[in-house]
Amino acid sequence: MMRKDIQFDSQGRLRHFLTTEGLSRQTLTEILDHAENFASVINKPVKKAPLLRGKTIANLFFEASTRTRTTFELAAKRLSADVININIQTSATKKGESLLDMLRNLEAMHCDMFIVRHMQSGAAHFIAEHVAPHISVINAGDGSHAHPTQAMLDMFTIRRHKPDFTALRVAIIGDIMHSRVARSQIHALNILGVPDVRVIGPHTLIPPQAEHLGVHVFHQMEQGLRDVDVVITLRLQRERMEGALLPSEDEYFNSYGLTPEKLALARNDAIVMHPGPINRGVEIESTVADGPQSVILEQVTNGLAVRMAVMSLILGRGNKSDSEASQ
Amino acid sequence: MMRKDIQFDSQGRLRHFLTTEGLSRQTLTEILDHAENFASVINKPVKKAPLLRGKTIANLFFEASTRTRTTFELAAKRLSADVININIQTSATKKGESLLDMLRNLEAMHCDMFIVRHMQSGAAHFIAEHVAPHISVINAGDGSHAHPTQAMLDMFTIRRHKPDFTALRVAIIGDIMHSRVARSQIHALNILGVPDVRVIGPHTLIPPQAEHLGVHVFHQMEQGLRDVDVVITLRLQRERMEGALLPSEDEYFNSYGLTPEKLALARNDAIVMHPGPINRGVEIESTVADGPQSVILEQVTNGLAVRMAVMSLILGRGNKSDSEASQ
Amino acid sequence: MMRKDIQFDSQGRLRHFLTTEGLSRQTLTEILDHAENFASVINKPVKKAPLLRGKTIANLFFEASTRTRTTFELAAKRLSADVININIQTSATKKGESLLDMLRNLEAMHCDMFIVRHMQSGAAHFIAEHVAPHISVINAGDGSHAHPTQAMLDMFTIRRHKPDFTALRVAIIGDIMHSRVARSQIHALNILGVPDVRVIGPHTLIPPQAEHLGVHVFHQMEQGLRDVDVVITLRLQRERMEGALLPSEDEYFNSYGLTPEKLALARNDAIVMHPGPINRGVEIESTVADGPQSVILEQVTNGLAVRMAVMSLILGRGNKSDSEASQ
């Protein structure tokens, strides 16, 4: 089965991982199933798998993010890959080298994969469109567009608690408009068959015609949270306040901060998620973030397994077919 | 034998290494003996041991220190561990994430050990009190409190030259008041049975009631250095000058700088030590720092062996007991 | 055969790699031949060789260069060495530690090799003269003096396209005066027997008495490029403009920028080289840089193989003789 999506190679296998949008349920399920293997590796005393030995993975972070870079670096090292961290601020782009020339150079050094974080939407796609055939690109967050490994670790976390996606109500609370995390989650939830995906937030932070994304829009927590199985709170970007999109942190917390009282509107066994880092007392109260329904730290652990799964699905498969080809 | 010290696990085995204070002579001797093994590994052409393969060690340096970070990184790599350097200045704490949330996240990524340097006394203890059960903490220097691996590499260096601690006179010269190195050395020397531990410095840089630490206090080099076997000079923190605790570098050098003439007061076979980096011509003259009695560079080499010993005692033992448990 | 050159040990084997000047054709050819082995390793799916396992290589970059540091780091990791990146700006030299004290400390940590980049000519030699006997130094660029691994990767690239050095005309275009790359290339080309080495540039950027270096000097592209087999363009350092050595980028491009028209003066099968990063439209037009005669990206790939060759010739030989000695 041939596909035109840039994310797939000519044989229909995943080559880049740029967005959850447009992927099949089969592809997402394959990633989730593969991640289950790594979830068990992580708990062993020796957390190493030799799958990507001899592969080189370059972290290209145009936007600083210690947490995300660290999880990708750990995931790569636990797969025995070599990791190069390129600090874009101090790199040759300062000397007037263009982005494409920098990519050409990394390609020529026989890197195998670029992990790209960039403040501009579309940057990872742009890079994927321009890299050499032997390079794969993983989008580690681009502007307000997509953050697909975050979405997949969220799906993995949900599935571990609520195995049947087709029976779920999921609410995402906060700044849907600017959130690459929300966008990637919404696509993934729809692909995986969740029948009721809700977004909750003030009018200024919900994109117009959000329903076209496959969600139900709510502006009040009281309606939006009722009977949901999964509550996802988003990080409030404080710079939105300056842009006059929001009145104040206090007012936001009053309306949309997740408190035990508001959480009680959801199902008793609802889980609470957050992509981190948390603004305690802004989008979520500490008693909820640290409470029995919270799976926030599980998300972090699952992030390693899911990133190991995506990296090895993309790069490890190459290895296998190479050795098969040489037999 | 059960212990309440946070540094030990429920079976009385070393779990964290935060301070030399309160440890037993047996524990310190075990570390020194274990380090002898690594001192020989370091001199082999292939300086690798697979003891910590699959373990992840995170360097959390809240206070910059290339030298100390490098020795811990090298020690970990030579034990085949994966090392993650977290630059705290650029990490999510800037985004308002609390220290504890950052620790929770690193724990969730299944790190095994945190190497912590912090400008505040007690920071490593605070972190050790709050980490998950699978995490060990090594204090790489906290404020003016403790720097236990530095003290142990100093003990290791002393023992290689003067094997019987119970027959030694040791003098520590300089800013005892603010020195975490001196504090950890004094505890270790007392625990190991050194009968005559001396501190030498101006009144402003010796803590009041220093005798309670188990030292003899001297304000004159002429008396303090007489017949000692080991001379430890401390780095003069130049910022003390601004605090009016010291008149000038010149005057300090005249009174407390280690010159060949002053060193002649000690025993002929006395060794000269310094934790580095050296202020040449301030606390020590170059002819002494580079002279035949100096073991300053041996200290650096021994630092690797001692850090490998502490890391592997703490983490390697876990491995062994895991494999024993599974038999 | 004993040699006095600091680059060789007492048995005449390469110990440091500081400059191509004064080396023998045999030595350069040995490096090129050795690099051929690694050029094939790089193309394998598992790009690892265990040659330098247990060796520690420290990148000492006093002058920032992400690209060069990355290639050395990748080369070392693909040889299975441990790599330490020392950020000189944040290191203890800020605390007043001298360069030599910093080197002594790295030696004491049993590093095996220093990769040194420095803005001052002669810095790598100075360090090589002062390191302990077990340390080797590779010059990764010092001021306007030398950049020998760059020159050797260029020789490697030339030889792959034009195997007989003794039949070549090679032209180097640009700022010869300030270019460590040009200086190292000129020495290497002469040593390898190239009968016609040319430099082309304005009077202000050609050193006086350049002929003594073994080159023919041209100030016009029309004469200099005629019938050459290899065209090397140099990066124009824009700060030269401020120094009034050059009128403007436009004027420089008009006179010395490599265009298809000017390239047509060279032989039809001439190759075009550039050490990177490129100033497109200043020293070279994009159609040439990306055109069929360009081997610029091959240079980057070959840089890895050549650096692996130099590192393993220097450090791997030590390993072998150690194991031979122990038999």
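Asp227(C) lies in the loop of chain C that runs between helix H7 (221-224) and strand E8 (230-233), where helices (H or I, at least four residues) and strands (E, at least two) are DSSP runs numbered from the N terminus. This is a predicted model, in which local features need pLDDT of at least 70 and side-chain atom pairs count only at pLDDT 80 or more, while totals for chains, interfaces and linings use all residues. Residues are numbered from 1 along each chain as its sequence is written, and chains are lettered from A and ligands numbered from 1 in the order in which they are written.

Most residues other than glycine have a negative phi, and most peptide bonds are trans. Asp227(C), although not a glycine, has a positive phi of about 65°, and with 11 C-beta neighbours inside 10 Å it counts as exposed. A residue is called exposed if 12 or fewer other C-beta atoms, placed from the backbone, lie within 10 Å of its own, buried if there are 20 or more, and partly exposed in between.

His110(C), also not a glycine, has a positive phi of about 60°; His110(C) sits in the loop between helix H3 (99-108) and strand E3 (113-118) of chain C, and is buried, with 22 other C-beta atoms within 10 Å.

| Cis peptide bond | Omega |
|---|---|
| Gly276(A) and Pro277(A) | about -10° |
| Gly276(B) and Pro277(B) | about -10° |

Pro277(A) is placed in the loop between strand E9 (271-273) and helix H11 (286-289) of chain A, and Pro277(B) in the loop between strand E9 (271-273) and helix H11 (286-289) of chain B.
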